Amino acid sequence: MGALSEQSALEKLIGHRFADPKLLTLALSHRSHGALNNERLEFLGDATLGFVVADWLYDTFPRAKESELTLMRASLVRKRTLASVARQIDLGRFLLLGQGERSSGGHRRESILADGMEAIIGAVLKDGGIAAASGVLRKLFADRVAAIDPSGGKDPKTRVQEWLQARGHELPRYEVLEQTGDAHAPSFRVACHIEELQIAVEAVGSSRREAEKAAAREALAVIEARR
């Protein structure tokens, strides 16, 4: 497959056809390939990625706090995530590397893949503007944004506690209502009481901790429904 055919295949994968194909060639050119390389486009793509992702998260999670938005953005723009997206479109096979870098497996290296991804974003911005760059990012990152956890991975008990503390409310009270099953397969039924808000919910879990987390999750659902 020739260079133009290779680039056409990549254009289909990212969802953008370049008006100026030389921009894509430049974006794919690692510094080991020559003096004319993708480092400047990488710089531009990094800034574009940060802006587009921030705007996207702002609209997607209207109730998320600034600290939560910052953590979510960081998880999406980090090198590991960019390299994963690059592997998703098999970017390594399109990169233009020096012979030594190619022989040593540079087309599989996380840092090179991530930098190449940023350079492509920068190239799309220069070729089609911010709308085009946003379109490519929304295509490539859609599944990751859909799966992101706005809580930053905090368990429901912590989230309930922080929500109540931030508003000056008393902390929830957990009560074991019932324990059934044998030692090898126990089952706990736990209630979560938030008297100040007149919330009382129950849940079941395979341990007291898991049941409390499930009850906290139910309490969060009630809180959310009242907002």
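**Helix α5 and its neighbours**

I looked up what α5 packs against: its buried residues pack against α3, α4 and α7. This is a predicted model, where local features need pLDDT of at least 70, side-chain atom pairs count only at pLDDT 80 or more, and totals for chains, interfaces and linings use all residues. Residues are numbered from 1 along each chain as its sequence is written, and side-chain values use heavy atoms, with hydrogens and water left out.

I listed the buried residues of α5 as T81, L82, A83, V85 and A86. Buried means under 20% relative accessible area, exposed over 50%, and partly exposed in between (1.4 Å probe, protein chains only). Helices are DSSP runs (H or I, at least four residues), numbered from the N terminus.

**α5 against α7**

At what angle do α5 and α7 pack? I found about 80 degrees between α5 (residues 79-88) and α7 (residues 110-147), with the axes 6 Å apart. That makes α5 roughly perpendicular to α7, a term for angles of 65 to 115 degrees. The axes are lines fitted to C-alpha atoms over the stretch in contact, and angles run from 0 to 180 degrees between N-to-C directions.

On the α7 side, the contact residues include L113, M117, L140 and F141; contact means heavy atoms within 4.5 Å. I noted that the residues of this contact divide into nine nonpolar, three polar and seven charged. Ala, Val, Leu, Ile, Met, Phe, Trp, Tyr, Cys and Pro count as nonpolar, Asp, Glu, Lys and Arg as charged, and the others, Gly among them, as polar.

**F141**

I then checked F141, which is in helix α7. F141 counts as buried, at 1% relative accessibility. Leaving aside neighbours within four places in sequence, F141 is in contact with L49, W56, L76, T81, L82 and V85. The C-alpha atoms of F141 and L76 are separated by 8.2 Å, although the two residues are 65 apart along the chain.

**Helix α4**

Technical notes:
Helix = DSSP H or I, 4+ residues; strand = E, 2+ residues; numbered from the N terminus. Parallel < 35°, antiparallel > 145°, perpendicular 65-115°, else oblique.
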